[in-house]
Amino acid sequence: MRCCSAASARSPSHSKPLPAASPASVTSPRGCSAGCAMPPACAPRSMAMTRSPPTMRRLPRACAPRWRGRWPGSCLGDWLAPLSAALERASGARIGLLATVAALRRLPLGLALLDAWPRAAPADREPIARALGRLPAQDPAVPVARELLPGLAAGEGEPVRAAAARALLRLGAPASGLALLAPPHAEALLNLALAGGEEAGALLLEACPRPAAIIALGLRGERRALEPLLEWLADPLAGAAATLALRLLTGAAPTEIVFVPESVTPEALFPREYTRWLEGHEPRADGRPWGRQLVRMSRNPDDWRAQLARLPASGRVRAGGPANAAGAAVPLLEDDGWPQSLKIVALDELAIRYGLIPDFDPELPMLEQRRRRPGLAEACALRSRGAGGG
């Protein structure tokens, strides 16, 4: 790279050469042999990118290998002190934002999060509860949070109470003592699926055909829901949830092609199209309606019956076999067709039901998720073989 001060002397855009800077002020990743300071107009693209936060998506390819293995935070010291200080000073919506960051980075900030609870608005206490549920096991605030969180969440709204119940389940609290698990909130229904006893299946069936209850039946691996799920496939509101629950149970993903019509906007029609539309015909000259074809999970019961016939004869089922950690991790090991919210629930299920907290997060960049999936699959397979099922 040519020295910037030398290049600027020939450039008509500079009336005089740029002053030289001391070597300590040079921020170029490769350095300049003359020790000059590079103005933003002369800085290479890679230099501007390295000034940004180090993420796999924004760093150039040559720099990316340096940051591999640092998700979701092997350098906790870079985050711990600043975030703890920010939580002490924060108020309003900033508390919820900082709690979300603490949850994603798995930071041991339990005491700071509990101290911020009274200062947070009701809408910002839900991310605090989620962050408390993701505290690392070595955080000394874990037993404190397990003791205080039920009382803190008792007077809150249903979203906060359901998030607090999920956090307590992740922290090891027994499900039998959690009154916060009760329906009707959608996340409370999922909590019933993750930690409820034998009575949970009946409660979830009573809450159907709510989409959250249908998905919860799939997460639970409830065999009594197989025939009702086939009936709900034809329901316009519950059909999508029923296909997702059947995929959780069977591990299969039959698809179909459907035509989705589009509404006609008269102002956008040509005169001849507008005339045909006024006469009650399709505006297109070929007489076909406007719309598009979509590929979606099949809602034909016959496509699913063959998959249901292969399920085990008894017990809870997941991914076409007995319910275990390997079956619960299927949404985390596949790229397509799984909502992000369901992947997060699957990660919680591994921690709550199987006591497995893997080095994995569905909110990591996709390339990093794919790099960590072999380790996740191996850990789930070992847990399944050791426990003999779910």
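Colleague: Hi! Why are Tyr274 and Trp277 separated by about one helical turn?

Modeller: Hi! Tyr274 and Trp277 sit three residues apart in helix H14 (residues 271–278), so about one helical turn separates them. Keep in mind that this is a predicted model.

Colleague: Switching topic: how do H9 and H11 pack?

Modeller: Helix H9 (residues 186–195) packs with helix H11 (residues 211–220) at an angle of about 15°, and their axes are 8 Å apart. Angles under 35 degrees count as roughly parallel, so H9 and H11 are roughly parallel to each other. The crossing of H9 past H11 is right-handed.

Colleague: Nice. Which residues meet there?

Modeller: From H9, Ala186, Leu189, Leu190 and Ala193; from H11, Ala212, Ala213, Ile215, Ala216, Leu219 and Arg220. That contact of H9 with H11 has nine nonpolar residues, one charged and no polar.

Colleague: One more: where does Ala329 lie, and is Ala329 buried or exposed?

Modeller: Ala329 is in the loop between helix H16 (325–328) and helix H17 (330–333). Its relative accessibility is 0%, so Ala329 counts as buried.

Colleague: What is Ala329 in contact with, leaving aside neighbours within four places in sequence?

Modeller: Leu350 and Cys380. There is also Leu347, 18 residues from Ala329 in sequence and 7.3 Å away in space, C-alpha to C-alpha.

Terms used
Residues numbered from 1 in each chain as written. Predicted model: local features only at pLDDT ≥ 70, side-chain atom pairs only at ≥ 80, totals over all residues. Heavy atoms only, no water. Axes fitted to C-alpha atoms, helices over the stretch in contact; angles between N-to-C directions. Helix = DSSP H or I, 4+ residues; strand = E, 2+ residues; numbered from the N terminus. Parallel < 35°, antiparallel > 145°, perpendicular 65-115°, else oblique. Left-handed = near helix turned anticlockwise from the far one by under 90°. Contact = heavy atoms within 4.5 Å. Nonpolar A, V, L, I, M, F, W, Y, C, P; charged D, E, K, R; others polar. Buried < 20%, exposed > 50% of the residue type's maximum accessible area, 1.4 Å probe, protein only.
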